[in-house]
Amino acid sequence: LARDFHDEMGNKLASINILSQSVAFTLKGKEQNPEAIKLLETIETRSRELFDGTKDFIWSIDFKSDYVFELFVYLRDFGEQFFNGMDMSFYSHTNTSEGSLAKVKSTAGRQLVLVCKEIMTNAARHSQCTEISFAVLSNEKTATINLIDNGNGFDFGTVQKRGLDNIQKRLDQIGARHIISSSSKGTSFEIEIQLDV
């Protein structure tokens with residue numbers, strides 16, 4: 001079901017992108033219509049954002065998304081693609097091997113993906129870091145996710161708290177605890193969640 005939905009959604013959104021690009025190309029060289037060009041660019045951007053957002057949902061309904069190793073691979077791939085081309089080094093590491101039975105409870109994977117993506121995005125936008133590391137470590141009872149950057153940190157008293165509140169709410173929904181530390185040497189997020197045994 002997840003694979004079929006992914007293929008169907010991907011094909012439809014890809015065709016929207018191609019059509020909007022074709023129309024934009026057709027308009028070039030003719031009397032310029034800035035509003036039409038802007039609308040076409042918006043269609044292309046929104047369809048790409050929709051597909052990216054849908055990928056997380058599709059992945060989360062696949063039974064494999066409950067496994068800690070699959071969670072690591074999904075977020076590692078996102079991080080490598082996201083930071084590619086930026087002036088930042090992305091490092092990833094796990095002690096969980098492919099085929100491991102360590103898994104989180106159903107629906108937790110999606111929330112963890114959204115939280116980690118928000119942390120990575122904020123690091124790229126605000127921290128002025130040159131390095132970010134991502135690790136997923138598990139033992140018999142828990143999985144721990146660490147995201148650490150070497151940026152300029154932030155002050156908890158002055159930072160806009162909407163993003164931090166969203167992280168808190170998502171982690172509360174799945175019973176995960178987290179610790180945030182930040183200084184002029186960087187920011188560290190540690191997230192711990194009980195395994196589903």
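Analyst: Hello! Helices here are DSSP runs of H or I with at least four residues, strands are DSSP runs of E with at least two, and both are numbered from the N terminus. The protein chain has 5 helices and 5 strands, and from the N terminus on they run α-α-α-β-α-β-β-α-β-β. This is a predicted model, in which local features need pLDDT of at least 70 and side-chain atom pairs count only at pLDDT 80 or more, while totals for chains, interfaces and linings use all residues. Residues are numbered from 1 along each chain as its sequence is written, and side-chain values use heavy atoms, with hydrogens and water left out.

User: Thanks! Where is Thr-107 found, and what makes it exposed?

Analyst: Thr-107 is found in the loop between β1 (89-94) and α4. Its relative accessible area is 54%, and exposed means over 50%, buried under 20% and partly exposed in between (1.4 Å probe, protein chains only); Thr-107 is therefore exposed.

User: Why is α3 called roughly parallel to α4?

Analyst: Two packed helices are described by the angle between their axes and the distance between the axes. The axes of α3 (residues 68-83) and α4 (residues 108-127) come within 11 Å and cross at roughly 25 degrees. Axes are lines fitted to C-alpha atoms, for helices over the stretch in contact, with angles from 0 to 180 degrees between N-to-C directions. Angles under 35 degrees count as roughly parallel, over 145 as roughly antiparallel, 65 to 115 as roughly perpendicular and the rest as oblique; α3 is therefore roughly parallel to α4.

User: Which residues of α3 and α4 meet?

Analyst: On the α3 side they include Leu-71, Tyr-74, Leu-75 and Phe-78, and on the α4 side they include Leu-112, Val-113, Cys-116 and Lys-117 (contact means heavy atoms within 4.5 Å). By class, the contact of α3 with α4 has 11 nonpolar, 3 polar and 1 charged residues.

User: How do you know that α4 and α5 are roughly antiparallel to each other?

Analyst: Their axes are 9 Å apart, and the packing angle is about 160 degrees. That angle is over 145, so α4 and α5 are roughly antiparallel to each other. Gln-111, Leu-112 and Leu-114 are among the α4 residues in the contact, and Asn-166, Ile-167 and Arg-170 are among those from α5. The residues of this contact divide into 6 nonpolar, 4 polar and 2 charged.

User: What makes Lys-117 buried?

Analyst: Lys-117 lies in helix α4. Its relative accessible area of 15% is under 20%, so Lys-117 counts as buried. Leaving aside neighbours within four places in sequence, Lys-117 is in contact with Asp-56, Leu-75 and Phe-78. Of the 197 residues of the protein chain, 37% count as buried.

User: Which residues of the largest nonpolar core touch the most other members?

Analyst: Of its 38 residues, they are Leu-112, Met-120, Phe-134, Ile-145, Leu-171, Ile-191 and Ile-193. At least two residues of this core come from each of α3, α4, β2 (131-138), β3 (142-149), α5 (162-173) and β5 (186-194). Leaving aside neighbours within four places in sequence, the contacts of Phe-134 include Phe-72, Leu-75, Phe-90, Met-120 and Ile-145.

User: Why is Met-86 called partly exposed, and how do you know that Phe-25 is exposed?

Analyst: Met-86, in the loop between α3 and β1, has 32% relative accessibility, which lies between 20% and 50%, so it counts as partly exposed. The C-alpha atoms of Met-86 and Ala-124 are separated by 8.5 Å, although these residues are 38 apart along the chain. Phe-25, in helix α1 (residues 2-27), has 64% relative accessibility and therefore counts as exposed. From Phe-25 to Ile-37, 12 residues apart in sequence, the C-alpha to C-alpha distance is 9.5 Å.

Conventions. Ala, Val, Leu, Ile, Met, Phe, Trp, Tyr, Cys and Pro count as nonpolar, Asp, Glu, Lys and Arg as charged, and the others, Gly among them, as polar. A nonpolar core is a set of buried Ala, Val, Leu, Ile, Met, Phe, Trp, Tyr and Cys residues joined through side-chain atoms within 4.5 Å.
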